[in-house]
Amino acid sequence: MPATVYPSDTSALALDGAQARERDVLLQLQAQLPGDFTIYHGIHWSRIEHGLTVTGRIQFLVLSPSGLVFIVLMKTGLMKVEEGRVFKQLGEQRQDVFHALAEQGALLAQKFRQQHSMSLQLEPIFYCPDFTVPELTGLTVNAERVVDARRKDQLAWLLQTIDSSVQLPFDKTRNRQIHSFLCNVLNLVPEVGALAQAAETLVTRLSHGLEQWVARLSFEPFRLRVSGTAGSGKSQLAFAELQRNHTLKARSLYVCYNRPLSSHMAQQVREAALMGAAVFNFHALCDRMLRDAGQEVDYSAPGVFGRLAEQVLATPLDKRWVFDSIVVDEGQDFDQSWLPVLQRCAHSGTRWLWLEDPIQNLYGKPAISLPGWVNLHTPMNFRNPKRVVQALLLMHQAFQFDSQLDLDVEAACPLEGLPLEFFEYDSEEGLLAQTAKAITACLRHGFTRNQIAVLSMRGHEKSRILAQASLGPHSLRHFTGRYDTHGSQIFTEGNVHAESVYRFKGQSAQAVVVTELAFDDFTESDFRKLFVAMTRAKLLLILVGQTDTLARLRGAIHY
């Protein structure tokens, strides 16, 4: 049985340079050390913060069954030996590697003593697989603790030899305390749940950048059009505007196209107790204004939704429908004829934020004309891991569309993410079975059911998946078509959320299963819809598709 590793997922590491070398040594130690050894490393998610390893200088800590803690400092490439000291040139700095070992060891021992009132038995190991130390005598550390190029394959053997030679009695409670201490001091997140929370915190912090840019802008009248790719922070910017107006005791209106998105934003507004903020999707806004004016809307009449804007413009409105700030979300889905309705809700000093992503235009709407507005464009995607963004760029490159669709998106999330996974089917029964297997795969990765979203590429009327109460052992949480008194959606009792891509716009999940992928010809419209679906995934993306379709997509992204 191999050694235990924290963080535990080493198979998905996709690193380069020095981190790739560390990964190789980690896998070597894991394979060569027995199961009662535990290895702690800072490789897997070290790219979260500025590309630095979480430990600073130490690459690995190894806890032996006897309670010894080996501090393994690994240095690759050439070094210099001067008077028993080994130096590594790091840019313009020169590092004394033995001093680094002693410094880090002393810090760990001090912290452990402060927390547990007992000593930590440490053994420093210097590992330099590319360099031969010319003379081991006279070194400032025990020469037996130096593993150079001549003994580079003996690192695991040395750790076991040292452990067997010490006379430390086995103490299960003490080893448990050491394990807890090492996980905490290295800020390791071996579980997907903890990792998901860390990623959520990081991505939220990064994507606040858009909010900070806008907060620094000052012009009159304030009419700002933000064209931002998926995951650029538009939703956070919208919510920040509502919070700002709450603080200033100003009245704000949030309007989007998608009813589920407006319900999601309304819930956030209620939870934050933002007084003076009204949240609607556009048609619900028209309905409420007409009802407030004493007019009933006959939804049984043909084309009623197309005439709502005209009815509002022909109806006198109360001044309560005038706001100090208007936020338009999903602006790419709006009609030009709707703009006058929104303008009736503004006064001369109203602040305007128009948020849109042209790539997510699923309904083929022409761009809204907003002459005289200030424009801000951001291609930075903070939400999705690099693997997802890279896959989208490769798809766009592989498939040629008549309109020469411009995909302007840059991966700004420092997480690589988990590898994309693919489940193929050739029949309706296979579709259901493979989607169920995809959900099971998410659970095996460690995601909980409430962190998973199953998204159908078909609408509710045509989807086989969204017609199911369950898939295998997984019950599905569906929208019932009804709303509560607060306007929130009412769902069935299932535990895995299932929705169409259209209705899930503006939302996201840690693990996303995109299903019912079946294209006769992969068109620009198909790509736009798949773009929306794939950019909902924060850590794991699984594609469930018809065999031929999946083969084309996998070929495009080289999987």
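Which residues in H8 meet which residues in H9? Point 4 gives the list.

1. **The model.** This is a predicted model: local features need pLDDT of at least 70, side-chain atom pairs count only at pLDDT 80 or more, and totals for chains, interfaces and linings use all residues. Residues are numbered from 1 along each chain as its sequence is written, and side-chain values use heavy atoms, with hydrogens and water left out.

2. **Overall make-up.** The protein has 14 helices and 26 strands. Helices (H or I, at least four residues) and strands (E, at least two) are DSSP runs, numbered from the N terminus. Of the 559 residues, 53% are buried. Buried means under 20% relative accessible area, with a 1.4 Å probe and protein chains only. The protein exposes about 25300 Å², and carbon and sulfur atoms supply 50% of that area. Accessible areas come from the Shrake-Rupley method with a 1.4 Å probe.

3. **Contacts along the sequence.** A contact means heavy atoms within 4.5 Å. Take the contacts between residues at least 6 apart in sequence: 74% of them join residues at least 24 apart.

4. **H8 and H9.** Helix H8 (residues 282–292) packs on helix H9 (residues 304–313) at an angle of about 45°, and their axes are 10 Å apart. H8 is therefore oblique to H9. Oblique covers the angles left over when under 35 degrees is roughly parallel, over 145 roughly antiparallel and 65 to 115 roughly perpendicular. Axes are lines fitted to C-alpha atoms over the stretch in contact, and angles run from 0 to 180 degrees between N-to-C directions. From H8 come Phe 282, His 283, Cys 286, Met 289 and Leu 290; they meet Phe 305, Leu 308, Ala 309, Gln 311 and Val 312 in H9. By class, this contact has eight nonpolar, two polar and no charged residues. Ala, Val, Leu, Ile, Met, Phe, Trp, Tyr, Cys and Pro count as nonpolar, Asp, Glu, Lys and Arg as charged, and the others as polar.

5. **H6 and H7.** Helix H6 (residues 234–247) and helix H7 (residues 259–271) pack at about 40°, with axes 11 Å apart. So H6 is oblique to H7. In H6, Ser 235, Ala 238, Phe 239 and Leu 242 meet Met 265, Gln 268 and Val 269 of H7. This contact has five nonpolar, two polar and no charged residues.

6. **H13.** Helix H13 (residues 524–534) is mostly covered, with 10 of its 11 residues buried. Among them are Glu 524, Asp 526, Arg 528 and Lys 529. The buried residues of H13 pack against helices H11 (386–398) and H14 (547–556), and against strands E19 (452–456), E25 (509–517) and E26 (537–546).

Key
Buried < 20%, exposed > 50% of the residue type's maximum accessible area, 1.4 Å probe, protein only.
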